[in-house]
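Student: I'd like to learn how to read a fold from a model. Could we go through one together?

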Amino acid sequence: MTTKAAPKKTTKRSAPAPDDVEAFLASLDHPFEKEIREIRQAILGADARIGEGIKWNAPSFRTSEFFATFHLRAKDGVQVILHLGAKKRESPGFAIDDPASLLEWLGKDRASVKFRDAQDLEAKRAAFVNVVRQWIEHV
């Protein structure tokens, strides 16, 4: 007697729900948890189109593509990596008005922003929100 293998079901993955981010943060043991939560609110408040989920084992933010991800292994503060999505793209580069010099460019299509502590975050918050608003126009 032969048996046929059941056809494989394909499932479409959707972006993780914001509840996943809350659960992730609730279980997070990080010395800068307060700052991470404040940065999260700054990013979400920058534009109504911004959603969030867990990507690369960290809170990440998206419009049509993911564009920002926390780098949680940094020990000297909190780091946010700004990028143009999950897939590497050939990018001619682009300009962001950054008078506060927040961006440390890691390539033509990625940059990082670092916050040392709550005071540093407060000082950079408005400039960071401005950078996020500009960044999402390139995603």
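Predicted model: local features only at pLDDT ≥ 70, side-chain atom pairs only at ≥ 80, totals over all residues.

Student: Understood. How many helices and strands does the chain have, and in what order do they run?

Tutor: There are 3 helices and 6 strands. Read from the N terminus, the elements go α-α-β-β-β-β-β-β-α. Of the 139 residues in the chain, 42% are buried. If you take contacts between residues at least 6 apart in sequence, 55% of them join residues at least 24 apart.

Student: Now the sheet. What is the order of its strands?

Tutor: The general idea comes before the case: strands of a sheet pair through backbone hydrogen bonds, either parallel or antiparallel. Here the 6 strands make an open sheet in the order 1-2-3-4-6-5, with antiparallel pairing. Strand 1 and strand 5 are the edge strands, each pairing on one side only. From one strand to the next, the twist averages 25°.

Student: Which helices pack on the sheet, and which strands do they meet?

Tutor: Helix 2 packs on the sheet and touches strand 1, strand 2, strand 3, strand 4 and strand 6. The direction of helix 2 makes about 30° with that of strand 4. Helix 3 lies across strand 3, strand 4, strand 5 and strand 6, and runs at about 160° to strand 6.

Student: Is strand 2 largely enclosed or open, and why?

Tutor: Strand 2 is largely enclosed by the rest of the structure, because 4 of its 5 residues are buried.

Student: And Glu52, buried or exposed?

Tutor: Glu52 sits in strand 1. Since buried means under 20% relative accessible area, Glu52 counts as buried at 4%. The side chain of Glu52 also has a polar contact of 2.6 Å with the side chain of Arg40.

Student: What should I look for in the turn between strand 1 and strand 2?

Tutor: Look at the backbone angles. Most residues other than glycine have a negative phi, and most peptide bonds are trans. In this hairpin, 2 residues lie between strand 1 and strand 2. Trp56 is found in that loop, between strand 1 (51-55) and strand 2 (58-62), and its phi is near 60°, a positive value in a residue other than glycine. Asn57 is in the loop too, with a positive phi near 55°.

Student: How accessible are Trp56 and Asn57?

Tutor: Trp56 is partly exposed, with a relative accessible area of 47%. Asn57 is exposed, at 61%.

Student: Last, helix 3. Where is its kink, and what caps its N-terminal end?

Tutor: The kink in helix 3 (residues 118-135) is about 55° and is centred on Arg125. Asp117 caps the N-terminal end: one of its side-chain oxygens lies 3.2 Å from the backbone nitrogen of Gln119.

Student: Which residues of helix 3 are buried, and what covers them?

Tutor: The buried residues of helix 3 include Leu121, Phe128, Val132 and Trp135, and also the polar residues Asp120 and Gln134. Their cover includes helix 2 (33-46), strand 3, strand 4 (78-82), strand 5 (104-107) and strand 6 (110-115).

Note on methods:
Residues numbered from 1 in each chain as written. Heavy atoms only, no water. Buried < 20%, exposed > 50% of the residue type's maximum accessible area, 1.4 Å probe, protein only. Pairing = 2+ DSSP bridges. Bend = angle between axes of the 7 residues up to and from the residue. Contact = heavy atoms within 4.5 Å. Polar contact = N/O pair within 3.5 Å; in protein donor to acceptor, adjacent residues only side chain to side chain. Axes fitted to C-alpha atoms, helices over the stretch in contact; angles between N-to-C directions.
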